[in-house]
Amino acid sequence: MMKRLFAALFFCLLLPGLAGAETVLRRGNGAEPETLDPHQATGLPEAMIFYDIYEGLLSRGPDGKPQPAIADRWEISPDGLQVTFHLRDGAKWSDGSPITAGDVVFSFRRLANPATSRNNNFVWPIKNARALSTGTLTDMTALGVAALDAQTVRFTLEEPTPYFISLLSYPMLVILPESRVTALGRDFFKPGNLVSAGGYRLVEQVPQGHVKLERNPFHRDAAKAFFDTVYFYPTENQETELKRFRAGELDASYTLPPAQIPWAKANLPDALRLSPQLGTYFLAFNTEKEPWKSKPDLRRALSMVIDREVLTERISQGGEMPSLSFVPPTVTGYQPARPAWADWPMERRVAEAQALLAKAGYPGGQGLTLDILFNTADNHRRIAVAVAGMVQQRLGVKSSLTNQEWKVFLDTRRTHNFPGLARHGIIGAYDDPYAFLQFLRTEMGPENPAAYSNPAYDRLMAASVLERDPAKRLEILHQAEVLAAADAPIIPLFTYARVRLVSPRLAGWQPNPVDCNPSRFLSPVAAR
């Protein structure tokens, strides 16, 4: 079996020595990209492509850690309120034109503008960014980003922000060419129009077919990139993706069907890659709708009866860690908050949950129905089925399951147009608890997964931003998480682990907590 796999992969990874042969990398990528506009995109399938075609002032290296990119150096003022970046000499767009400080200013104004960005919350550390993104201010020139000359950009911050530098490697906070975006608008993000700064440039996009990239000859490391061409294939059916990998049609899969993980451990051990991530898989209540809006006891009851160990050991089976906290334990230097009932045996949890259900007016689950929304994928369906079974068995609450195609699902979830629970996952944009806890602030609007609103929580989060002492800041964030855990607007299920199949003939793939493996750092083993 493995010999047949290697033989197939030989033709998928075209090796040097085949004179004039195009070198091609083929990657599975889950769902069809919602958009190729990085300031609008919020999903992992988009991020995987953005690692290849875009760059920010910083980018993520082969180990997932921030590294210099369009900027090669920077200075931070003694008070921590100003950060000055120097653009790399000779930095060019994929059409050969120079990248300028003006492009950086334009890009961050675009990121702060709610009309052009869904990621404006990430730039809130910049002076006036929050006011601009919420409409309190409308003059984008008020944003604390200024071009000092053609190659120097200064950021003025609202307050010292320890994570600001690493934040700029997030794949949605990339730089775009002002003149091209201004001239073309939405059409800029189409093949033939899109000009970018990453190791590859967009050549073709076939809906539900593939995204094709070619090496960017103007990238500073173009000569080091092995592959001439990279294909990203959307394949929402995980069994189909597995078949494509086994047939040699993919060099790396996006994921693996949970039921096939034991088989892969036995039959493809050299290809199987499991790594914990800086991320949490959870379900979010729509707290804009009753009965979830006014009954935190009811929300808490449902969370109490879910057995996370069963989900990770029997359903997902990909190395995930059961979790009762929103912030994952993979965040450095922080102890996540757990609910008061975290260490109770399941029997006691069920008894307490049944009492809370009766107190909320639904004894034995009578009169209550739970809808669980998830995007089309076998593992999400299996988890939803398992959760529904636990809730019905232990509380008598019946569930209905609703699955939607990725783009429709994102819109439904973002507009809070669902009646019960929606599947969610957050991968940290940077290694800090604030990267997760910020999403439960009232002002996050559509990006707040549960539409959760608690003034006490908001005050604690605001205080954490102003606190200069690192230890005190983490304590304030911990207090906020304790409060949210008691309110239970979300149901944390587990800490993510990425499970993939990667050809053993492919070198350079480094599992890391942010799941970042740009194609320009990959090559066949035989080429090293």
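Which residues of helix 9 are buried? In this predicted model, they are Asp297, Leu298, Arg299, Arg300, Ala301, Leu302, Ser303 and Met304. Helix 9, which spans residues 296–304, is thus described as mostly covered, with eight of its nine residues buried.

**Helix 9 and helix 11**

- Helix 11 covers residues 346–359, and its axis comes within 8 Å of the axis of helix 9, the two crossing at roughly 155°.
- Because angles over 145 degrees count as roughly antiparallel, helix 9 and helix 11 are roughly antiparallel to each other.
- The crossing of helix 9 past helix 11 is left-handed.
- On the side of helix 9, the contact is made by Asp297, Leu298, Ala301, Ser303 and Met304; on the side of helix 11, Met346, Arg349, Glu352, Ala353, Leu356, Leu357 and Lys359 take part.
- Sorted by class, this contact of helix 9 with helix 11 has seven nonpolar residues, one polar residue and four charged residues.

- Six strands form an open sheet in the order 12-16-11-15-13-14, and their pairing is mixed.
- The edges are held by strand 12 (321–322) and strand 14 (398–404); each has a single partner strand, so one side of each is left without a neighbour in the sheet.
- Within this sheet, strand 13 (residues 369–375) pairs with strand 15 (residues 421–427) in the parallel sense, over two bridges.
- Leucine 373 has alanine 422, in strand 15, standing opposite.
- Helix 10 packs on the sheet, where it touches strand 12 and strand 16 (490–501), and its direction makes about 15° with that of strand 16.
- Helix 12 lies across strand 11 (272–285), strand 13, strand 14, strand 15 and strand 16, and it runs at about 165° to strand 13.

**Helix 10 and helix 12**

- Helix 10 (residues 308–316) and helix 12 (residues 378–395) also pack against each other, at an angle of about 140° and with their axes 11 Å apart.
- That angle makes helix 10 oblique to helix 12.
- Helix 10 passes helix 12 in a right-handed crossing.
- Helix 10 contributes Val310, Leu311, Arg314 and Ile315 to the contact, while helix 12 contributes Arg382, Ile383, Ala386, Val387 and Met390.
- By class, the contact of helix 10 with helix 12 has seven nonpolar and two charged residues, and no polar ones.
- Glutamine 393 also lies in helix 12, and it counts as exposed because its relative accessible area is 67%.
- Between the C-alpha atoms of glutamine 393 and arginine 201 there is a separation of 52 Å, the two residues being 192 residues apart along the chain.

- Strand 8 and strand 9 (residues 210–215) run antiparallel and are joined by six bridges.
- Glutamate 204 has lysine 212 of strand 9 as its bridge partner.

**Histidine 86**

- Histidine 86 is placed in strand 5, which covers residues 82–87.
- It counts as buried because its relative accessibility is 14%.
- Apart from neighbours within four places in sequence, histidine 86 is in contact with Ile70, Ala71, Asp72, Arg73, Trp74, Glu75, Gln151 and Thr152.

**Backbone features in loops**

- Most residues other than glycine have a negative phi, and most peptide bonds are trans.
- The peptide bond from glutamate 290 to proline 291 is cis, with omega near 5°.
- Proline 291 is located in the loop between strand 11 and helix 9.
- Asparagine 128, although not a glycine, has a positive phi of about 70°; this residue lies in the loop between helix 3 (101–112) and helix 4 (129–133).
- Alanine 488, which is not a glycine either, has a positive phi of about 55°.
- Alanine 488 is found in the loop between helix 16 (470–487) and strand 16, and with a relative accessibility of 5% it counts as buried.

Technical notes:
Residues are numbered from 1 along each chain as its sequence is written. This is a predicted model: local features need pLDDT of at least 70, side-chain atom pairs count only at pLDDT 80 or more; totals for chains, interfaces and linings use all residues. Side-chain values use heavy atoms; hydrogens and water are left out. Axes are lines fitted to C-alpha atoms, for helices over the stretch in contact, and angles run from 0 to 180 degrees between N-to-C directions. Helices (H or I, at least four residues) and strands (E, at least two) are DSSP runs, numbered from the N terminus. Angles under 35 degrees count as roughly parallel, over 145 as roughly antiparallel, 65 to 115 as roughly perpendicular and the rest as oblique. A crossing is left-handed if the near helix is turned anticlockwise from the far one by less than a right angle, and right-handed if clockwise. Contact means heavy atoms within 4.5 Å. Ala, Val, Leu, Ile, Met, Phe, Trp, Tyr, Cys and Pro count as nonpolar, Asp, Glu, Lys and Arg as charged, and the others, Gly among them, as polar. Two strands pair if DSSP finds at least two bridges between them. Buried means under 20% relative accessible area, exposed over 50%, partly exposed in between (1.4 Å probe, protein chains only).
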